[in-house]
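Biologist: Before we discuss details, could you put the model on the screen for both of us?

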Amino acid sequence: MDAHPSLLERIKTAFACVDTALDGLKGSLTRIAAVVLVVPSLATAGYQAYASLSGKPKTAAQAENQRLFIKYFNKQPLVTIPVTVKQERGAVQALFSVYDEGDVYIEYGQATQWFPFPRPLAPPALPLALIGTAHAQAPAAPPARPEAPRAAAQFQQSERMEDNYLLRTRRWDNGMVEDSRIDLRTGAIVEHRTRQETPFKLEGEKSRLIAPTQQPLQAIDLKQLRAARGKALEAEAGK
(Lines give C-alpha, C1' and ligand atoms only; values in the text may rest on other atoms or scores of the structure.)
Protein backbone atom coordinates (compact mmCIF):
# COMPACT_ATOMS: atom_id res chain seq x y z
CA MET A 1 0.00 0.00 0.00
CA ASP A 2 2.88 2.34 0.68
CA ALA A 3 4.29 1.76 -2.81
CA HIS A 4 1.40 3.39 -4.59
CA PRO A 5 1.87 6.92 -3.20
CA SER A 6 5.54 6.83 -4.09
CA LEU A 7 4.70 5.64 -7.62
CA LEU A 8 2.18 8.44 -8.05
CA GLU A 9 4.71 10.92 -6.77
CA ARG A 10 7.26 9.69 -9.29
CA ILE A 11 4.70 9.99 -12.12
CA LYS A 12 3.81 13.52 -11.04
CA THR A 13 7.49 14.44 -10.87
CA ALA A 14 8.05 13.04 -14.38
CA PHE A 15 5.13 15.05 -15.81
CA ALA A 16 6.41 18.17 -14.04
CA CYS A 17 9.81 17.70 -15.73
CA VAL A 18 8.10 17.29 -19.12
CA ASP A 19 6.09 20.49 -18.54
CA THR A 20 9.26 22.36 -17.59
CA ALA A 21 11.01 21.11 -20.72
CA LEU A 22 8.04 22.11 -22.92
CA ASP A 23 7.96 25.58 -21.35
CA GLY A 24 11.65 25.98 -22.11
CA LEU A 25 11.11 24.78 -25.68
CA LYS A 26 8.22 27.23 -26.15
CA GLY A 27 10.40 30.06 -24.90
CA SER A 28 13.18 29.10 -27.32
CA LEU A 29 10.75 28.88 -30.25
CA THR A 30 9.29 32.27 -29.32
CA ARG A 31 12.76 33.82 -29.25
CA ILE A 32 13.66 32.20 -32.60
CA ALA A 33 10.41 33.42 -34.17
CA ALA A 34 11.09 36.93 -32.87
CA VAL A 35 14.56 36.87 -34.42
CA VAL A 36 13.18 35.56 -37.75
CA LEU A 37 10.59 38.35 -37.86
CA VAL A 38 12.73 41.19 -36.56
CA VAL A 39 15.97 40.61 -38.49
CA PRO A 40 14.42 41.06 -42.00
CA SER A 41 12.61 44.19 -40.77
CA LEU A 42 15.85 45.61 -39.42
CA ALA A 43 17.64 44.69 -42.66
CA THR A 44 14.96 46.40 -44.76
CA ALA A 45 15.01 49.50 -42.57
CA GLY A 46 18.80 49.51 -42.66
CA TYR A 47 18.87 49.25 -46.46
CA GLN A 48 16.35 52.07 -46.82
CA ALA A 49 18.40 54.25 -44.50
CA TYR A 50 21.55 53.36 -46.46
CA ALA A 51 19.78 54.04 -49.77
CA SER A 52 18.60 57.43 -48.50
CA LEU A 53 22.09 58.40 -47.34
CA SER A 54 23.92 56.99 -50.37
CA GLY A 55 21.49 58.30 -52.98
CA LYS A 56 20.65 54.82 -54.25
CA PRO A 57 17.11 54.32 -55.66
CA LYS A 58 14.64 52.67 -53.30
CA THR A 59 11.99 51.73 -55.89
CA ALA A 60 11.85 50.59 -59.51
CA ALA A 61 10.49 54.00 -60.56
CA GLN A 62 13.39 55.76 -58.85
CA ALA A 63 15.87 53.39 -60.52
CA GLU A 64 14.28 54.12 -63.92
CA ASN A 65 14.44 57.85 -63.27
CA GLN A 66 18.11 57.64 -62.32
CA ARG A 67 19.02 55.49 -65.34
CA LEU A 68 17.28 57.72 -67.88
CA PHE A 69 18.52 60.97 -66.34
CA ILE A 70 22.06 59.67 -66.85
CA LYS A 71 21.28 58.29 -70.33
CA TYR A 72 19.94 61.61 -71.62
CA PHE A 73 22.22 63.92 -69.64
CA ASN A 74 22.74 67.14 -71.63
CA LYS A 75 20.73 65.76 -74.59
CA GLN A 76 17.81 67.61 -76.15
CA PRO A 77 14.40 65.96 -76.63
CA LEU A 78 13.12 65.41 -80.16
CA VAL A 79 9.83 67.09 -79.34
CA THR A 80 8.16 68.70 -76.31
CA ILE A 81 4.37 68.93 -75.98
CA PRO A 82 2.90 71.31 -73.39
CA VAL A 83 -0.58 70.55 -72.05
CA THR A 84 -2.24 73.09 -69.76
CA VAL A 85 -4.69 71.74 -67.20
CA LYS A 86 -7.08 74.34 -65.77
CA GLN A 87 -9.40 74.22 -62.77
CA GLU A 88 -10.88 76.59 -60.19
CA ARG A 89 -7.65 76.97 -58.22
CA GLY A 90 -5.57 77.86 -61.28
CA ALA A 91 -3.77 76.30 -64.21
CA VAL A 92 -0.80 73.93 -64.30
CA GLN A 93 1.18 72.94 -67.36
CA ALA A 94 2.14 69.33 -67.96
CA LEU A 95 5.16 68.95 -70.23
CA PHE A 96 5.71 65.78 -72.27
CA SER A 97 9.21 65.43 -73.75
CA VAL A 98 10.01 62.58 -76.15
CA TYR A 99 13.64 61.54 -76.61
CA ASP A 100 15.55 59.68 -79.33
CA GLU A 101 14.65 56.11 -78.43
CA GLY A 102 11.02 56.84 -77.59
CA ASP A 103 11.58 57.35 -73.85
CA VAL A 104 9.21 59.97 -72.40
CA TYR A 105 9.90 62.49 -69.63
CA ILE A 106 6.84 64.07 -67.95
CA GLU A 107 6.91 67.20 -65.78
CA TYR A 108 3.73 68.06 -63.89
CA GLY A 109 3.77 70.53 -61.02
CA GLN A 110 6.63 69.63 -58.67
CA ALA A 111 6.76 65.99 -59.85
CA THR A 112 8.71 64.51 -62.76
CA GLN A 113 8.96 60.93 -63.98
CA TRP A 114 10.67 59.08 -66.82
CA PHE A 115 8.81 56.39 -68.77
CA PRO A 116 10.96 54.07 -70.92
CA PHE A 117 9.71 53.01 -74.33
CA PRO A 118 7.83 49.72 -73.77
CA ARG A 119 9.79 46.74 -75.05
CA PRO A 120 8.05 43.91 -76.94
CA LEU A 121 7.13 40.88 -74.90
CA ALA A 122 9.23 37.73 -75.29
CA PRO A 123 7.63 35.00 -77.42
CA PRO A 124 5.79 32.33 -75.41
CA ALA A 125 7.71 29.12 -74.67
CA LEU A 126 6.91 26.19 -76.97
CA PRO A 127 5.36 23.05 -75.46
CA LEU A 128 7.89 20.20 -75.11
CA ALA A 129 6.02 18.14 -77.73
CA LEU A 130 6.56 20.83 -80.35
CA ILE A 131 10.25 21.53 -79.74
CA GLY A 132 11.38 18.57 -81.87
CA THR A 133 9.37 19.71 -84.89
CA ALA A 134 10.10 23.43 -84.53
CA HIS A 135 13.90 23.36 -84.54
CA ALA A 136 14.14 24.15 -88.26
CA GLN A 137 11.76 27.07 -88.15
CA ALA A 138 12.66 30.68 -87.54
CA PRO A 139 11.80 31.90 -84.02
CA ALA A 140 8.27 33.23 -83.86
CA ALA A 141 7.85 36.96 -83.43
CA PRO A 142 6.11 38.02 -80.23
CA PRO A 143 2.37 38.40 -80.76
CA ALA A 144 1.44 42.03 -81.25
CA ARG A 145 -0.86 43.29 -78.54
CA PRO A 146 -3.82 44.99 -80.19
CA GLU A 147 -3.65 48.64 -79.30
CA ALA A 148 -6.79 50.31 -77.99
CA PRO A 149 -8.43 52.82 -80.33
CA ARG A 150 -7.19 55.82 -78.37
CA ALA A 151 -8.14 58.18 -81.16
CA ALA A 152 -11.75 57.06 -80.86
CA ALA A 153 -14.24 59.70 -79.90
CA GLN A 154 -15.32 58.42 -76.50
CA PHE A 155 -15.11 55.58 -74.01
CA GLN A 156 -16.81 54.57 -70.79
CA GLN A 157 -14.66 53.59 -67.81
CA SER A 158 -15.46 51.57 -64.70
CA GLU A 159 -13.16 50.48 -61.88
CA ARG A 160 -13.14 48.24 -58.82
CA MET A 161 -10.60 47.28 -56.14
CA GLU A 162 -9.25 43.79 -55.53
CA ASP A 163 -6.62 43.45 -52.80
CA ASN A 164 -3.78 45.78 -53.86
CA TYR A 165 -4.93 46.02 -57.47
CA LEU A 166 -7.19 48.32 -59.45
CA LEU A 167 -9.29 46.51 -62.05
CA ARG A 168 -10.21 48.95 -64.82
CA THR A 169 -12.47 48.37 -67.82
CA ARG A 170 -12.72 50.79 -70.74
CA ARG A 171 -15.39 50.36 -73.40
CA TRP A 172 -14.68 52.36 -76.55
CA ASP A 173 -17.48 53.50 -78.83
CA ASN A 174 -16.26 51.27 -81.68
CA GLY A 175 -16.73 48.14 -79.55
CA MET A 176 -13.14 47.62 -78.35
CA VAL A 177 -12.95 46.75 -74.63
CA GLU A 178 -9.77 47.05 -72.52
CA ASP A 179 -9.38 45.17 -69.23
CA SER A 180 -6.38 46.20 -67.10
CA ARG A 181 -5.05 45.08 -63.71
CA ILE A 182 -2.95 47.84 -62.14
CA ASP A 183 -0.71 47.57 -59.08
CA LEU A 184 -1.85 50.35 -56.72
CA ARG A 185 1.61 50.67 -55.14
CA THR A 186 3.74 50.92 -58.27
CA GLY A 187 1.21 51.93 -60.93
CA ALA A 188 2.44 49.08 -63.14
CA ILE A 189 -0.06 47.47 -65.51
CA VAL A 190 0.49 43.82 -64.59
CA GLU A 191 -2.21 42.45 -66.88
CA HIS A 192 -3.87 43.89 -69.99
CA ARG A 193 -6.41 42.29 -72.31
CA THR A 194 -8.50 43.59 -75.19
CA ARG A 195 -11.60 42.16 -76.82
CA GLN A 196 -14.12 43.23 -79.42
CA GLU A 197 -17.79 43.71 -78.60
CA THR A 198 -20.72 45.36 -80.32
CA PRO A 199 -20.16 49.14 -80.66
CA PHE A 200 -22.22 51.17 -78.22
CA LYS A 201 -23.84 54.59 -78.47
CA LEU A 202 -23.95 57.00 -75.58
CA GLU A 203 -27.51 57.91 -74.71
CA GLY A 204 -27.03 61.09 -72.72
CA GLU A 205 -28.85 60.91 -69.40
CA LYS A 206 -29.60 57.21 -69.87
CA SER A 207 -25.89 56.39 -69.65
CA ARG A 208 -24.72 55.57 -66.12
CA LEU A 209 -21.17 56.61 -66.95
CA ILE A 210 -20.01 59.92 -68.41
CA ALA A 211 -17.51 59.41 -71.21
CA PRO A 212 -14.42 61.64 -71.14
CA THR A 213 -13.69 64.02 -73.98
CA GLN A 214 -10.87 62.90 -76.25
CA GLN A 215 -8.40 65.41 -77.70
CA PRO A 216 -6.03 63.24 -79.74
CA LEU A 217 -2.66 64.68 -80.77
CA GLN A 218 -0.83 63.89 -83.96
CA ALA A 219 1.35 60.75 -83.86
CA ILE A 220 5.03 61.40 -83.07
CA ASP A 221 7.30 59.84 -85.73
CA LEU A 222 10.73 59.46 -84.14
CA LYS A 223 12.42 58.60 -87.45
CA GLN A 224 11.15 61.79 -89.10
CA LEU A 225 12.13 63.91 -86.11
CA ARG A 226 15.66 62.48 -86.00
CA ALA A 227 16.08 63.08 -89.75
CA ALA A 228 14.83 66.67 -89.42
CA ARG A 229 17.24 67.33 -86.56
CA GLY A 230 20.12 65.88 -88.56
CA LYS A 231 19.34 68.20 -91.50
CA ALA A 232 19.13 71.19 -89.16
CA LEU A 233 22.55 70.33 -87.68
CA GLU A 234 24.05 69.93 -91.18
CA ALA A 235 22.63 73.29 -92.24
CA GLU A 236 24.01 74.92 -89.11
CA ALA A 237 27.44 73.41 -89.71
CA GLY A 238 27.42 74.59 -93.33
CA LYS A 239 26.97 78.24 -92.39
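Predicted model: local features only at pLDDT ≥ 70, side-chain atom pairs only at ≥ 80, totals over all residues.

Modeller: Residues are numbered from 1 along each chain as its sequence is written, and side-chain values use heavy atoms, with hydrogens and water left out.

Biologist: What pattern does the protein follow along the sequence?

Modeller: Helices (H or I, at least four residues) and strands (E, at least two) are taken as DSSP runs, numbered from the N terminus. On that basis the protein has four helices and eight strands, and read along the sequence they follow the pattern α-α-β-β-β-β-α-β-β-β-β-α.

Biologist: Which residue of S2 is the bridge partner of Pro82?

Modeller: Strands count as paired if DSSP finds at least two bridges between them. Strand S1 (residues 79-87) and strand S2 (residues 90-98) pair in the antiparallel sense over nine bridges, forming a hairpin with two residues between them. Within S2, the bridge partner of Pro82 is Leu95.

Biologist: Which residues make up the largest nonpolar core?

Modeller: A nonpolar core is a set of buried Ala, Val, Leu, Ile, Met, Phe, Trp, Tyr and Cys residues joined through side-chain atoms within 4.5 Å, where buried means under 20% relative accessible area, exposed over 50% and partly exposed in between, with a 1.4 Å probe and protein chains only. Buried residues make up 15% of the 239 residues in the protein. Tyr105 has contacts (heavy atoms within 4.5 Å) that include Leu95 and Phe96, leaving aside its neighbours within four places in sequence. The largest nonpolar core has five residues, namely Leu68, Tyr72, Tyr99, Tyr105 and Trp114.

Biologist: Is Asn74 buried or exposed?

Modeller: Most residues other than glycine have a negative phi. Asn74, however, has a positive phi of about 65° although it is not a glycine, and it lies in the loop between helix H2 (60-71) and S1. Because its relative accessibility is 68%, Asn74 counts as exposed.

Biologist: What is the relative accessible area of Asp163?

Modeller: Asp163 is a residue other than glycine with a positive phi, near 55°. Asp163 is placed in the loop between strand S5 (155-162) and strand S6 (165-172). It is exposed, with a relative accessible area of 73%.

Biologist: Is Val85 exposed or partly exposed?

Modeller: Val85 has its place in strand S1. At 38% relative accessibility, Val85 counts as partly exposed.
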